[in-house]
Amino acid sequence: MSEVIGAALPRVDALDKVTGKACYPADLVRPGMLYGKVVFAHRVHARITRLDTQAARAYPGVVAVLTAADVPYNAYGLITEDQPLLCSDVVRYEGDKVALVLAESKDAAEEGARRVIVEYEDLPAITDPERALDPDAPLVHPARGTNLLLHVPIRKGDIARGFAEADVTVEGEFQTSWQEHAYLQPDAGIAYIDEHGRVVVETAGQWLHEDRRQIAKILGLPEEQVVIRYAAIGGAFGGREDLNVQPLLALAAWKLRRPVAIVWSREETTIGHHKRHPVRIRCRWGARRDGRITAVQADILADGGAYASTSAEVIKVAALFASGCYEVPNIWVDGYAVYTNNPPTGAFRGFGAPQAHFAAEIMVTKLAHALGIDPSELRRRNIYHEGSIEPTGHPLPPGVSAPLVLERCVDEARARLGYGQPREHPAPHLRRGVGLACGIKNLGYSFGYPEQATATVELFGRGDLERACVRIGAADVGQGAHTILRQIAAETLGLPLERIELICADSAEAPNAGSASASRMTLMGGRAVHDAAREALRKWHETDAEHVSATVQFRPPRTTPLDPETGECIPNYCYGYTAQAVEVEVNIITGQVRVVRVISVHDVGRAINRQQVEGQIEGCLAQALGFALLEHFQVRDGKILTPNFSTYLLPTVLDMPEEIIPVILEHDDPNGPYGARGMAEMPLVPFAAAVAIAIHDAVGVWITRLPMTPERVLDALGAAQHHQAPALR
């Protein structure tokens with residue numbers, strides 16, 4: 001039995017973080033650095049008619065005011081280069097950046113920013129995603145000729161025949177909202193020119209080499225002339241995939257040849273980075289009397305905001321999972337992502353899967369009620385199994401453990417929560433209920449996007465192997481990746497953990513392992529480290545040298561792009577499967593919903609570090625609870641109304657369930673290191689649906705709009721008393 005793999009070893013960064021020794025980006029600021037202050041547009045859609053920086057430049061302590069004219073290549077984006085670094089003619093949402101003031105002090109920079117004169121001519125704004133598709137809607141990007149960012153059709157079987165075969169059909173409409181990543185460390189960083197003449201940016205992010213690629217293009221420099229280094233990263237959850245302060249820092253250091261710092265406030269961080277997509281889903285499901293689901297039809301509309309970010313990929317994921325984790329022979333799905341003048345939306349933990357599952361899992365439960373079948377039994381009869389055909393027409397990748405997690409969750413729910421049994425209520429005004437939901441989420445990049453991870457392992461020793469150095473450009477955004485990668489190297493090389501050095505936070509010193517996203521770093525980065533360590537060990541045994549090195553690139557099984565007419569493709573090379581049972585308590589007087597207990601079952605392939613897996617489940621459930629019940633990020637007419645933590649409510653320890661029961665199953669993934677597959681996003685995927693189902697079990701009403709605030713619960717209860725649909729608030 002391994003003493004490394006599976007052990008609950010402490011995180012390598014734990015002591016530095018709890019003692020305050022860990023250096024976050026804002027801790028890098030030093031005396032003598034210029035301080036940068038962004039001039040935000042604070043307009044939803046407008047033409048810049050005048051930009052006067054003269055008064056700002058004249059203010060004592062101000063060194064420079066940079067505008068669009070100072071940017072060599074003024075467009076960037078992870079997929080589509082549609083976002084200007086500094087706007088020159090039009091602003092498309094209130095967080096657009098117009099100028100950057102650099103000064104000798106923070107106070108001077110702020111005063112300089114106040115003295116930048118920007119005059120605007122307001123333009124018609126489009127803030128309703130449904131209206132965005134109207135032929136006469138104002139265009140966010142007129143050169144495109146449409147606000148449609150992407151349409152994703154998925155066609156499987158014969159949808160008309162599927163509904164003709166159904167004995168029961170149910171319909172539903174669902175709405176999810178924006179969600180703020182709310183990482184505790186606001187965006188910050190420094191930049192300078194090093195002794196080799198390179199632009200060095202030290203900050204926080206999720207993908208060193210992608211940050212480098214985009215910044216080099218903005219500056220018109222070769223990539224090797226840009227170095228990205230990550231300090232300790234205070235959370236990300238997808239919110240640091242897009243650039244924010246990094247290119248501004250690089251531009252200022254490159255133009256002025258002086259060290260520069262930018263530290264955003266919470267309000268600037270909120271306005272300055274993307275959010276989770278609000279999604280509207282209209283759907284219809286059909287099933288036979290024997291419980292077999294025959295047809296799923298869904299129309300999905302995602303608000304992409306002012307710039308593309310990763311909206312195209314998110315809507316593909318949402319469309320793929322419109323039928324949940326169930327094998328349905330006849331599927332007709334249309335997914336749309338549209339531009340609006342709202343804040344841009346992009347990657348957020350779950351990446352479209354939580355929105356899709358909110359609808360899908362409620363619909364499965366509604367079908368079960370309509371058929372008079374236990375909801376767990378209906379799931380059992382339809383859930384994916386080995387060899388099931390996905391909506392895109394190809395068999396699932398091997399390792400389909402959806403039935404196993406469902407059965408374990410049902411068993412645990414019956415034993416611990418009394419699932420399926422008569423329920424006792426603690427008080428006349430309190431009602432308790434239990435909800436069950438399943439989930440599926442891809443690991444890694446999808447739909448033909450190039451997927452790889454590269455690692456270098458160096459071995460040192462005289463005679464005996466003494467130590468190893470692992471080089472891999474892998475961000476640890478709080479998930480514990482750096483501990484996991486060292487554990488994998490230690491196990492493969494047979495070395496104690498303390499003899500494994502990890503170089504991972506410098507784009508010039510570590511090869512590209514891809515992003516810390518899509519729950520991919522354990523599988524992809526871990527497999528690259530594993531394979532490089534094995535190759536280095538082979539070389540070590542074949543030579544008498546005191547130092548050997550091996551570099552290995554791991555590529556998983558291929559995926560393919562969606563067919564533009566049918567959606568046919570091989571979408572993913574690996575999935576994670578989860579099932580959850582949630583007990584809630586509903587106060588029928590106040591409408592408040594309290595999550596009492598959660599059972600969260602996951603197949604992780606192999607738990608490299610069991611303590612970290614449990615921590616990921618618990619931490620993700622906190623974010624899931626916010627998404628489901630509390631986090632009401634409000635945007636009205638394109639303006640953010642909840643820019644700070646006094647208006648945007650996040651779960652605290654007092655909001656967490658009395659008991660979280662993580663259940664970890666281990667069925668080896670064929671591609672993962674020691675069988676491991678990622679799981680960091682999985683607890684968020686079915687949770688909101690499980691809560692909604694539990695609320696229905698408790699009080700008999702369906703809440704189909706997120707977050708499920710007390711007001712919405714009371715509206716639904718009041719409407720049920722009067723036999724009418726609740727008003728949407």
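Helix α5 is mostly covered, with 10 of its 12 residues buried, where buried means under 20% relative accessible area with a 1.4 Å probe, protein chains only. This is a predicted model, in which local features need pLDDT of at least 70 and side-chain atom pairs count only at pLDDT 80 or more, while totals for chains, interfaces and linings use all residues. Residues are numbered from 1 along each chain as its sequence is written, and side-chain values use heavy atoms, leaving out hydrogens and water. Helices are DSSP runs of H or I with at least four residues, strands are runs of E with at least two, and both are numbered from the N terminus.

Staying with α5, residues 208-219: at 1.5 Å a residue its 12 residues should span 16 Å, and the end C-alpha atoms are 17 Å apart, which agrees. The expected span is 1.5 Å times one less than the number of residues. Among the buried residues are Leu208, Asp211, Arg212, Ile215 and Leu219. Their cover includes β10 (199-203), β11 (226-230) and α6 (246-256). Just after the helix, Gly220 has a positive phi of about 70°.

Next, the cores. A nonpolar core is a set of buried Ala, Val, Leu, Ile, Met, Phe, Trp, Tyr and Cys residues joined through side-chain atoms within 4.5 Å. The largest has 166 residues, and Trp285, Leu459, Leu493 and Phe687 have the most contacts inside it. Helix α9, residues 353-371, gives the most to this core, with 11 residues. A second, separate core of 45 residues includes Leu208, Leu248, Ala250 and Tyr648. Leu208 is also one of the buried residues of α5.

What does Phe687 touch? Leaving out residues up to four places away in sequence, Phe687 touches Gln580, Val582, Val595, Val598, Leu621, Ala624, Leu625 and Ala628. Contact here means heavy atoms within 4.5 Å.

Back to α9. It packs against α10, residues 375-382, at an angle of about 110°, with the axes 9 Å apart. The two helices are therefore roughly perpendicular, a class that covers 65 to 115 degrees. Residues of α9 at this packing include Glu361, Val364, Leu367 and Leu371, and they meet Pro375, Leu378 and Arg379 in α10.

Last, Val296, in strand β14 (residues 293-303). Is Val296 buried or exposed? At 0% relative accessibility, Val296 counts as buried. Its contacts, not counting residues up to four places away in sequence, include Ile159, Trp285, Val328 and Trp332. Trp285 was named above for its contacts in the largest core.

Terms used: Buried < 20%, exposed > 50% of the residue type's maximum accessible area, 1.4 Å probe, protein only. Axes fitted to C-alpha atoms, helices over the stretch in contact; angles between N-to-C directions. Parallel < 35°, antiparallel > 145°, perpendicular 65-115°, else oblique.
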